[in-house]
Amino acid sequence: MKRTLVIGDIHGGLRALIQLLERTNINVNDRLVFLGDYVDGWSESAAVIDFLIELNKTHSCIFIKGNHDIWCQEWLQSGKPNNIWLQHGGTATIKSYEDYTSDKITEHLSFFESMKDYYIDEQNRLFIHAGFSSMHGPEKEHYSSNYSWDRTLWEMALTMDKRIKKDSLLYPKRLLLYEEIYIGHTPTLNYNIEDPMQGCNVWNIDTGAAFHGKLSCIDVETKTFWQSDIVQELYPNEKGRNK
């Protein structure tokens, strides 16, 4: 049976990604949807991109672009790092590219440029890194930065009064547009939760792999999920994005 598997924010943790995919037991019939933020945090950001490029040759993959990927792409294009990016994992990413040739960097740039802002599948499920503000969906979004930065969708889903019925005029229109919505961007560790979280029909798969959490993958049909070990335990001599 073909599965749609959604993978949360990796943040340079290649060891966690390999471990997670082994535990998930992926096969060529699966569709793998990656929610973005492949870089910034642990020491193997460039190697994560290498791995995903090769994985895409043998498996059906959808790559969503996250805010950290935008920062990395801009640096690869211009050679000028964003100062805020450097404070949020960019320094480790730059170091991971130290020995890369111009041909490899060009290959990585092409990969970043090919990433999607969002993806909608055949069952009207939306996959996006952060969110959107338009009442008519991300395709009508006026501010493209919302795809990779917006947290209001998730905050609304978490705090919505569960007594409000879906046919009520008070029910958030953004949540009615899709059967389900899958996001990353906001670590569930912020809520002292180590597993994927659900708010209404929104699922958050960022379980804090950049910090002291695990990398997670969920099957959209069964809601079975798998996790790596705590990523910091796989990189015992590093801090990741932990302060």
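This is a predicted model: local features need pLDDT of at least 70, side-chain atom pairs count only at pLDDT 80 or more; totals for chains, interfaces and linings use all residues.
Residues are numbered from 1 along each chain as its sequence is written, and side-chain values use heavy atoms, with hydrogens and water left out.

Overall form comes next. For 243 residues, a compact globule would have a radius of gyration near 18 Å, and the 17 Å of the protein agrees with that; the radius is taken over C-alpha atoms, and the globule rule is 2.2 Å times the number of residues to the power 0.38. Along the principal axes, the C-alpha atoms fill a box of roughly 55 × 35 × 35 Å. Of the 243 residues, 54% count as buried, with buried meaning under 20% relative accessible area, exposed over 50%, and partly exposed in between (1.4 Å probe, protein chains only). Among contacts (heavy atoms within 4.5 Å) with a separation of 6 or more, 66% come from residues 24 or more positions apart.

As for the surface, the protein exposes about 11500 Å², and carbon and sulfur atoms supply 50% of it; such areas come from the Shrake-Rupley method with a 1.4 Å probe, and for residues only the protein chains shown count as cover. There are 25 positive and 34 negative side chains, and the centres of the two sets lie 4 Å apart. Here Lys and Arg count as positive and Asp and Glu as negative, leaving out His and the chain ends, and each charge is placed at NZ of Lys, CZ of Arg, CG of Asp or CD of Glu.

Now to the aromatic rings. A search of the whole structure turns up 14 aromatic pairs. Rings of Phe, Tyr and Trp (its six-membered ring) pair if their centres lie within 6.5 Å; planes under 30 degrees apart count as stacked, over 60 as edge-to-face and the rest as tilted. One of the pairs is Phe63 with Phe111, edge-to-face at 4.8 Å centre to centre and 70° between the planes. This pair links distant parts of the chain, since Phe63 sits in strand S3 (residues 60-63) and Phe111 in helix H5 (residues 102-114), 48 residues apart. Phe63 is buried at 7% relative accessible area, and Phe111 is buried at 7% too. Another pair, Phe132 with Tyr178, has ring centres 6.2 Å apart and planes at 85°, so it is edge-to-face. Phe132 lies in the loop between strand S5 (125-128) and helix H6 (146-149), and Tyr178 in the loop between helix H8 (173-176) and strand S6 (180-183), so the pair ties together parts 46 residues apart in sequence. Phe132 is buried, with a relative accessible area of 0%, and Tyr178 counts as buried at 7%. Ring pairs also join Phe34, Tyr38, Phe63 and Phe111 into a cluster.

Gln19, in helix H1 (residues 14-24), is buried at 15% relative accessible area. Leaving out residues up to four places away in sequence, Gln19 touches Ser228, Asp229 and Leu234. Gln19 and Leu215 are 196 residues apart in sequence, yet 9.3 Å apart in space, C-alpha to C-alpha. Ser148, in helix H6, is buried at 3%. Beyond its neighbours within four places in sequence, Ser148 is in contact with Lys65, Gly66, Asn67, Ile70, His129, Ala130 and His185.

Methods: Helices (H or I, at least four residues) and strands (E, at least two) are DSSP runs, numbered from the N terminus.
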